[in-house]
Amino acid sequence: MGDPEMDMSEEIRILSDLVGFDTVSDRSNLEIVEYIAACLEGMGAKVWRLPSADGMKANLLARIGPEAAGGLLLSAHTDVVPVAGQAWASDPFVLTRRQDRLYGRGAADMKGFVASALVCASQLAATRLRKPVYLAFSYDEELGCLGVHDLIAAMRTMAIVPDLCVVGEPTLMEVGIAHKGTRSFRLTFTGQAAHSSRAPEAVNAVAYAADYVSSINAEAAAFQEHGPFDRGFTIPHTTVHVGVMNGGRQVNIVPDTCSVEMEFRFLPTENAGDLMERLVLEPARRLDAAMSSRGQGCGVKVENIYGYPAFEIAGGHPAVVLAKRCAERNEEVKLSYGTEAGCFMEGLDIPVVVCGPGDIRQAHQPDEFMEIAQLTRSRKFLRDLADACCR
């Protein structure tokens with residue numbers, strides 16, 4: 001393959017530019033979208049900028065090659081998680097090379113794949129393609145796959161239905177064929193306050209919230225003991241937990257409000273609606289009835305925070321077989337983290353695999369890095385896959 005440093009100079013240059021954009025999810029991503037758009041338009045790609053409702057962020061969709069049916073879709077998100085409170089050895093928004101590693105926020109999750117996809121696109125733009133290669137870049141994936149739904153809706157409107165989608169999350173170039181789905185909710189308990197000396201006459205919001213938390217702990221134990229199980233996952237069963245609980249002001253006041261934030265992560269074989277009823281709605285109705293019977297205005301309010309679907313494709317599916325061949329892998333893996341794969345599979349009804357450079361264990365960590373060897377493998381994988389699908 002020649003000198004790896006010379007071979008990878010373009011990916012490293014682009015990755016350096018991408019890391020330089022502070023795209024933490026609470027900020028605009030418009031600058032990085034314009035950078036990517038300029039790269040693609042310079043290659044002659046057709047580019048669609050798809051702004052969010054408030055205009056502060058945007059998805060981006062591009063096409064290399066002919067306006068024809070099918071083709072290959074390469075998907076990534078542009079946002080990254082915060083660096084506040086993390087101890088970095090170098091500026092997280094300046095790509096820093098130390099030996100054969102490239103350090104920076106998003107280097108692994110997942111701007112390294114974006115750099116690979118852009119270099120692949122530039123190479124393909126100079127060739128004759130039989131089918132198109134699409135590139136899709138979303139916003140707010142780190143907040144629960146929020147932006148990708150509008151991107152998929154736009155693709156449906158434009159009747160864009162690729163033959164295969166590759167979501168380039170960091171898998172160490174393993175071919176991911178499944179991950180759990182997630183639903184997250186906030187339950188707000190409203191009671192009646194009183195001096196603590198009159199506690200029996202009050203409606204203690206924290207106490208009712210604690211009742212709910214206890215029920216969730218019991219459900220978590222039941223999943224762990226009874227399943228159902230899928231041994232392909234590191235944690236082979238559905239999980240449920242409470243992550244946030246806030247209530248009360250001081251010990252001599254019976255609290256009149258308490259909020260609880262919970263999530264469940266479910267196997268692809270389980271029904272999210274049934275789990276929502278069992279883990280959220282039914283206990284909320286039970287506690288709401290108990291609270292409202294004791295005081296006017298007391299009860300429980302349920303709010304959806306975010307969610308994304310589970311993802312699974314058969315290991316023997318032709319798309320998986322092709323991806324494994326191009327990635328030079330004999331096995332496939334089931335992932336312990338969520339991606340936009342389920343959104344694309346559900347929204348477009350197309351085969352999807354998850355495969356990208358970098359190690360998910362680096363994601364969200366201080367001194368996040370990408371190994372140059374992973375970028376080398378990503379380049380070859382994407383080019384071989386595009387040749388197989390589109391040439």
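Which residues have the most contacts inside the largest nonpolar core? I began my notebook with that one.

**Ground rules**

I am working on a predicted model, where local features need pLDDT of at least 70 and side-chain atom pairs count only at pLDDT 80 or more, while totals for chains, interfaces and linings use all residues. I number residues from 1 along each chain as its sequence is written, and side-chain values use heavy atoms, with hydrogens and water left out.

**The core**

I looked up the largest nonpolar core and found 91 residues; I36, L40, L60, L72, F344, F381 and L385 have the most contacts inside it. (A nonpolar core is a set of buried Ala, Val, Leu, Ile, Met, Phe, Trp, Tyr and Cys residues joined through side-chain atoms within 4.5 Å; buried means under 20% relative accessible area, exposed over 50%, partly exposed in between, with a 1.4 Å probe and protein chains only.) Helix α4 (residues 107–125) gives the largest share of this core, 11 residues. I noted that helices (H or I, at least four residues) and strands (E, at least two) are DSSP runs, numbered from the N terminus. Another core, of 26 residues, lies apart from the largest one and includes C258 and L275.

**Helix α3**

Next I followed I36, which touches L18, L60, T78, V114, L118 and F137, leaving out residues up to four places away in sequence. Contact here means heavy atoms within 4.5 Å. I36 is one of the buried residues of α3, along with I32, V33, Y35, A37 and L40. These buried residues pack against α2 (9–19), β1 (46–51), β2 (58–64), α4 and β6 (133–138). Just after α3, I spotted G44 with a positive phi of about 90°.

**Helix α10**

I then turned to α10 (residues 372–390), whose buried residues include F381 and L385.

Is A210 buried, partly exposed or exposed? I found A210 in helix α6 (residues 205–226), and it counts as partly exposed because its relative accessibility is 32%. A210 and C258 are 48 residues apart in sequence, and their C-alpha atoms are 9.4 Å apart in space.

**The sheet**

Last, I traced an open sheet of 3 strands in the order β4-β5-β18, with antiparallel pairing. Two strands pair if DSSP finds at least two bridges between them. The edge strands, β4 (96–98) and β18 (369–371), each pair on one side only. I counted 3 bridges joining β4 to β5 (residues 101–103), and Y103 in β5 is the bridge partner of T96.
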